[in-house]
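A short report follows the display.

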Amino acid sequence: MTIIHFYPITRFLSAFNLPSLLRSASLCGVIFGLVFGGINLTQTAYAQNKIEPIEADVRTFNIPAGPLDVALDRFSRTAGVNLTYDAALISEIMTKGLVGRYSISTGLMVLLAGSGIEVIAQPGGGYALRKAPVTGNPATRGETVFPMMTVSAAADTVKQGTEEEGYRVSNVSGIGLWDERSLRDTPYSISVVPADLIENINAQNMGQIFKMNPLTQEPVIHSLTGVPVVTIRGFQTVNPIYDGIPLAFSSGSAVSVIEIDRVEILSGTSGFLYGGGRVGGAVNYVTKNSTDVPLRRLTFGNYGGTQFYGHADVGGKFDNQGRFGYRANLLYQGGDTAINEPVEQKVANIVLDGQITDTLYVDVKYTYNDYRKDAIQSLFIMPERVTIDTSKRYSPKWASNDIESHKAHTSLRWDPSEHITLRSAFFYQNTNMKNSQVYLYDQGDRTFTQTFANVGKENHENYGGYVYLDTQFSTFNIDHKLTLGYSSTFYEYFLRNDGSVYLDGSNSLTLNEIKSIQKPDWGAFENEPMLPVYADRYDNILIGDNITFNDQWSAMVGLNYATTINKASGSYGDGKYDKSELTPTVSLLYKPIENATTYVSYMEALQQGSRVGNFYANRGEILPPLVSKQYEVGAKYDINPNLLLSTALFRIEKANQYSDGATPQPNLVQDGLQVHNGVELVLTGKVTDNLTIMGGGTLMDISVEKAESPALEGKKPTNAASRMGKIYAEYALPWIPGLSLTGGIYYTGEKYGDTANTDKIPSYTLYDIGARYSTRLYDKSLIVRLNVFNLTGKNYWQDQFTLGVPRTVAFSASMMF
């Protein structure tokens, strides 16, 4: 039976079609679309003939993955074109879908990628589909045949940001209320770290990734949660985001590299997008989904020292139609770190997802993480900054960190029509922790007094969720994608009645004597009941409009009625505040040429007043909330399909919070305005077929202004490096197929550990080297990796309290089965 889809071009619904941001030749559009979908382009022998696009305009498509017959029907209605084909031809064939802006011919070819079906332009208009011939050149028959696209047979999975693409990701999963969109056409400074890069550098945690990234300082890994304390544009970002769901607080939000598909790093204020608490930037951990083709992979390796591990990654589809899928990641890690800290970690990550109907997608994800580290490195309080050997451990074995986390989240996407989309998600995490830590106070003669802290058992609960409604329409030839939404995040902290215990050591000891400190008698406080002592909440009511004026000009405007609520009780004192603020954003984009986008943007953010932590004398105090502002001008240019150059100029204004340096224990207070002016440059992708680069840098002029205290005026904020320059490179040796050499150079400028700027933390440069060999064993993919971090064994300080990472050798072998 032959099916003909016919919809007059003059139909009423054509008034709702969106004009294109991009106008390109068909073949260029094919390449651009394939990069979006993570598919390699191959052509049949007859595809060398030049094909001219039949239509000039580009349409917006929102066709989910699913049966090809359903997708073609929706494509025909959206594009307003005739499609002629035999129903038996497409029976039982699935498609990955089509989301984004494409010319009609390009979109049709992307939709048919990997199907073995070719597209033939009809003389009277429209297209015919037929099975591609095995041999022969159809051009000799006088037919206009468009190039076919197939999934590369060498690929084990289909995804963006592969090493073959130079780790270049073409679109982001979504930014706040804005839906998935082109990375180049997003008016924010963003860097994306894909799973391939995380795996290829043998990253044990996200610290290594942020050390390499040009937008972020090397982070301290939070001693309690394992979450990196990321510094972006000179501001710390500790509240993570999971699959677009913001969390109110980092405690309880343990993250494992095996569950991560990519990390989207937004540099700059993100209050409108995700609510408060992220002045310098935001980190979105995008987790793994099921795979479109069967995945069976085992990895065995060593993270450094004697930390051996095994990791299994299994994924695929349950049914032949490819509607319902699964993914499972399992990890076991055990042994000692490079400085002899015993570590044990068990992680299980399970994903189920499905195309419930042709328009409804749902997924459910669960992660269990059990992590314990003993003899954790001590924290240092240094009146004078001196060099300490980072290759040694300065802590007793009883200093430990124990985390057990259960994390579940689910998302839904419903497309009832081509003009309406409903998106929603919900997240829950419950974490139990125990921590004991040693603080060392330098006496100036290379001896140290000690404070011992025992947090005991505590519980953290994180909730988060959002619901967004997208509608597309046109007014006076101006296209709109209007989004209405609500997001909320809630965090609650449970602690024993007596809270934490702090004890002083008896004598001043040398560093070599610290290991021998006997475990203190903490008393019976761990038998007290668990009670809620602290709660944070952010609510956001949002409206945003993505406006397209023509192919070159567009705008993104929005408002967020943000509310921050805080409540403390028990050992944190009794207190509560509730503050709301209308925070706007506006961005204007201009495309001077096809492959370049420039933009200007303004954003405000409501930031919660800090809850003063255990380290400070005014522990438990809640500082007042505040509003920060950011101005940004930027440009992005696709040098080639797999190489993106980005740059941005910015200014951020934020109320200053700092430690007053009081002894024996400081206070955390507010005074003045932090002003950060700077420029960023990032280059990511393939420079040549053999050379991949991820590099760039940040230069900033940062200072405290309008402070009541003269001692603060003009001073630089703490732990903010004004200069960073980083480059990571891979070179595939052409004379040894499969062998790549890797390496990086990472410079972090000096910063200050105190508000008076008397404690200068020296700049440092780290060098990494490595190699990777890809081959096939028993007709299965095998990848062997070797990485050396901090090659020269540089002794340095990550921040005012924390020693740097020592020289570490890591290796792994991954094989399909």
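The report goes from the whole chain to salt bridges, then to a cavity and one threonine.

## Basis

This is a predicted model, in which local features need pLDDT of at least 70 and side-chain atom pairs count only at pLDDT 80 or more, while totals for chains, interfaces and linings use all residues. Residues are numbered from 1 along each chain as its sequence is written, and side-chain values use heavy atoms, with hydrogens and water left out.

## Whole chain

The chain has 7 helices and 46 strands. Both are DSSP runs numbered from the N terminus: helices are H or I with at least four residues, strands are E with at least two.

Of the 817 residues, 58% are buried. Buried means under 20% relative accessible area, with a 1.4 Å probe and protein chains only. The accessible surface is about 31,400 Å². Carbon and sulfur atoms hold 58% of that surface. Areas come from the Shrake-Rupley method with a 1.4 Å probe; for residues, only the protein chains shown count as cover. Among contacts (heavy atoms within 4.5 Å) with a separation of 6 or more, 67% join residues 24 or more positions apart.

## Salt bridges

The model has 34 salt bridges. Each is a side-chain nitrogen of Lys or Arg within 4 Å of a carboxyl oxygen of Asp or Glu.

Arginine 772 takes part in two of the pairs described here. One partner is glutamate 163, with the closest N and O atoms 3.4 Å apart. That pair spans 609 residues, from strand β44 (residues 764-777) to the loop between β9 (144-145) and β10 (171-172). Arginine 772 is buried at 3% relative accessible area. Glutamate 163 is buried too, at 18%. The other partner is glutamate 730, at 2.9 Å, N to O. Glutamate 730 sits in strand β40 (residues 723-732), 42 residues from arginine 772. Both of these residues are buried.

Glutamate 680 pairs with arginine 233, the closest N and O atoms being 2.9 Å apart. Glutamate 680 is in strand β38 (residues 668-686) and arginine 233 in the loop between β14 (228-232) and β15 (235-237), so the bridge ties together parts 447 residues apart in sequence. Glutamate 680 has a relative accessible area of 2%. Arginine 233 also has 2%.

Elsewhere, shared partners join Asp179, Arg413, Asp415, Arg423, Asp470 and Lys481 into one salt-bridge network.

## Second largest cavity

The whole structure holds 11 cavities of 30 Å³ or more. A cavity is a set of points on a 1 Å grid over the protein atoms alone where a 1.4 Å probe fits but cannot get out; lining residues have an atom within 4 Å of a point. Grid points are joined across faces, edges and corners, and the volume is the space filled by probe spheres set on the points.

The second largest cavity has about 220 Å³ of space. Its lining has 17 residues, with Ile198, Glu199, Val257, Tyr303 and His311 nearest the centre. At least two lining residues come from each of α5 (195-200), β20 (295-302), β21 (308-317) and β46 (808-816). The largest share, 3 residues, is from α5. The lining divides into 8 nonpolar, 5 polar and 4 charged residues. Here Ala, Val, Leu, Ile, Met, Phe, Trp, Tyr, Cys and Pro are nonpolar, Asp, Glu, Lys and Arg charged, and the others, Gly among them, polar.

## Threonine 447

Threonine 447 belongs to strand β28 (residues 447-475). Threonine 447 is buried, at 15% relative accessibility. Its C-alpha atom is 4.5 Å from that of threonine 510, 63 residues away along the chain. Beyond neighbours within four places in sequence, threonine 447 contacts Tyr441, Asp442, Ser508, Leu509 and Thr510.

Methods. Buried means under 20% relative accessible area, exposed over 50%, partly exposed in between (1.4 Å probe, protein chains only). On a 1 Å grid over the protein atoms alone, a cavity is a set of points where a 1.4 Å probe fits but cannot get out, and a pocket is an open set with protein on both sides within 12 Å along at least five of seven lines; lining residues have an atom within 4 Å of a point.
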